[in-house]
Structures are given as C-alpha cells and as structure tokens.
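Open the model in your viewer and keep the selection panel at hand. We will go from the whole chain down to one pair of residues.

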Amino acid sequence: MLDCSVVGDVFAAPGAQRVFQALQLMKREAGILLVVLNHSGDVMSANMACQLAERVGIKVKQILTHDDISAGIGADKNDRRGLAGCVPLFKILGAAAEEGKSLDELIEIGERYNERVATLAVAMKSCMHPQNNAVISDLPAGIMEIGMGQHGEGGGGQKPLVSADATAAEMVDLLCQQLQPKAGDKALLVINGVGATTYMEQSIIFRKAYKELEARGVEVVEGRIQEILTVQEQAGFQMIIALLDEDHIDYLKNKQSNAPYWTTIGK
C-alpha cells in the first residue's frame, strides 16, 4: 500500500515542511506519487511541499481524491472533500507500483478509479476533540446527519434517526445517483466504521447495501467491513462504492503483485 504516510496533529493537516521531509526520504529515480485528500490544509501543504521538492530535483506528481458527494449530486469535484475512498486507491496503486508501473501509468490507473468512486458518511453521535473536549458538531439525541465530513464536521442534512436498512438504502440511492452504474458493472463496497459503531451494525449496513446494488444489476466483486479511517469516538460510518475496471479488481485481489492482501467479503 503506502510507502509513507504523513500525519498532522489531531484533526489537522501536516505542515508543508513535514510533507517535504517525507518526499526527501522517499526520493526515487522513478519518482513519487503523492495522494492528497481534498481538504484545504492538506492541499496547501502538498502544493508547497511539491514546489520545494521541485527545487531540489525530486520528481513528484499528485492525485487529489474527492470522493465525498455531500456537496450534492454532480457537484464540481473541486468542491468535494476526500473521505475513506482513498484507502482502496492506496491498495490499487501500491499493487500497481509493486508490479513495476511507471509514474504516469500509476496516475492513469488512479484517476480512472478516482472518477468512479463515491463516498457518503453518516453520523449518529458527535465526537469530542481530545485536547480540549470540545464537541465537533451539535448532533442532538435521536438525530442523524447524512453527509458529515472526515472529522465529524457537518455538510449534509440532519434528520430523525431511522433503521440501519433504511439508512443504507437511502445512501446507496444517493451514491448511485452520482455514479450512474449500469447493470453488469462490477463494484467495490466498503463500510468504514468511524469509531463507535459495532462490527455487527456495520455488517447489517453492508448486507442491505449489497442487496440494493444486486437489485440494480451491479455485481459486488470486492468488499470490506472495518474501521479503516476513524473519527475518535463518533458513532456512524462511511459507505464507499467504486465501479471497478478489470485491472483495479486484479490489483485489489493481488493477482499480479506481492503487496498485502485486501480481504474479500462475499454475500
């Protein structure tokens, strides 16, 4: 997957100097692919670090992820935030790099995935910042928000809490409005727990989402239920759907590389 991950403080982007230090450590003749989630701080740090890298002869290119659809169906991708849809991208690109693909080939593989992935997050209970105990967003009891951001910030709309099946069906419908899948398409389905949602609850969501996609003629060929990208103690989850090309499936299954396995979940 990743050779290096650059982290900032809690709920904060890493500074440009830290990203630049990582690029210096990772310098290779073949170049570096920097995957950046579309958040203003991350983008600013990445752009500044790439400018510094260019001055010292480090070859680096970026892929910007923007899978969050809470800004609205069909919204400009520059207005969409990056959520956990980046993690399967790490896996695909890691396997492709292990196979020996060039930097330009990795960009092409990654952007094809990037254009056909969509994520939507739902929160049932907000989290607190561990440094000052401040509540990230106001979410009353019995209320849920579809469209939250990666750190628990709002962005969708609040509504009364409904069942897991009803929530999953609504989210699949919204994601499919964005992706416009056709019968026969092959898809990745991931339920990412964000902190306080049990594996059983995530599994119920996955089951309903799987059935909703199946009813549309979409074949779920790869899947995962796991806390991949969390938000402290927040209750909720992210649903990620990606329409996959055959090479994406191969890289996720590791047919052609020695990169770590991506666990497959069937019915």
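**Whole protein.** Keep in mind that this is a predicted model. Show it as a cartoon. Now orient along the principal axes. The C-alpha atoms fill a box of roughly 55 × 50 × 30 Å. How does the radius of gyration compare with that of a compact globule? For 267 residues such a globule would have a value near 18 Å, and the protein has 18 Å, so the two agree.

Next, display contacts across the chain. Among contacts with a separation of 6 or more, 76% link residues 24 or more positions apart. Colour by burial: buried residues make up 47% of the 267.

**Surface.** Switch to the accessible surface. The protein exposes about 12,300 Å², and carbon and sulfur atoms supply 50% of that area. Then pick out the charged side chains. There are 25 positive and 34 negative charges, and their mean positions lie 3 Å apart.

**Strand β1.** Select residues 32-37. Is this strand largely enclosed or open? Five of its six residues are buried, so β1 is largely enclosed by the rest of the structure.

**Its partner.** For a last stop, select V36 in the β1 range. Which residue of β2 stands opposite V36? Look across to L64. While side chains are on display, remember that in a regular strand they alternate between the two faces of the sheet.

Conventions. Residues are numbered from 1 along each chain as its sequence is written. This is a predicted model: local features need pLDDT of at least 70, side-chain atom pairs count only at pLDDT 80 or more; totals for chains, interfaces and linings use all residues. Side-chain values use heavy atoms; hydrogens and water are left out. The radius of gyration is taken over C-alpha atoms; the globule rule is 2.2 Å times the number of residues to the power 0.38. Buried means under 20% relative accessible area, exposed over 50%, partly exposed in between (1.4 Å probe, protein chains only). Contact means heavy atoms within 4.5 Å. Accessible areas come from the Shrake-Rupley method with a 1.4 Å probe; for residues, only the protein chains shown count as cover. Lys and Arg count as positive and Asp and Glu as negative; His and the chain ends are not counted. The place of a charge is taken as NZ of Lys, CZ of Arg, CG of Asp or CD of Glu. Helices (H or I, at least four residues) and strands (E, at least two) are DSSP runs, numbered from the N terminus. Two strands pair if DSSP finds at least two bridges between them.
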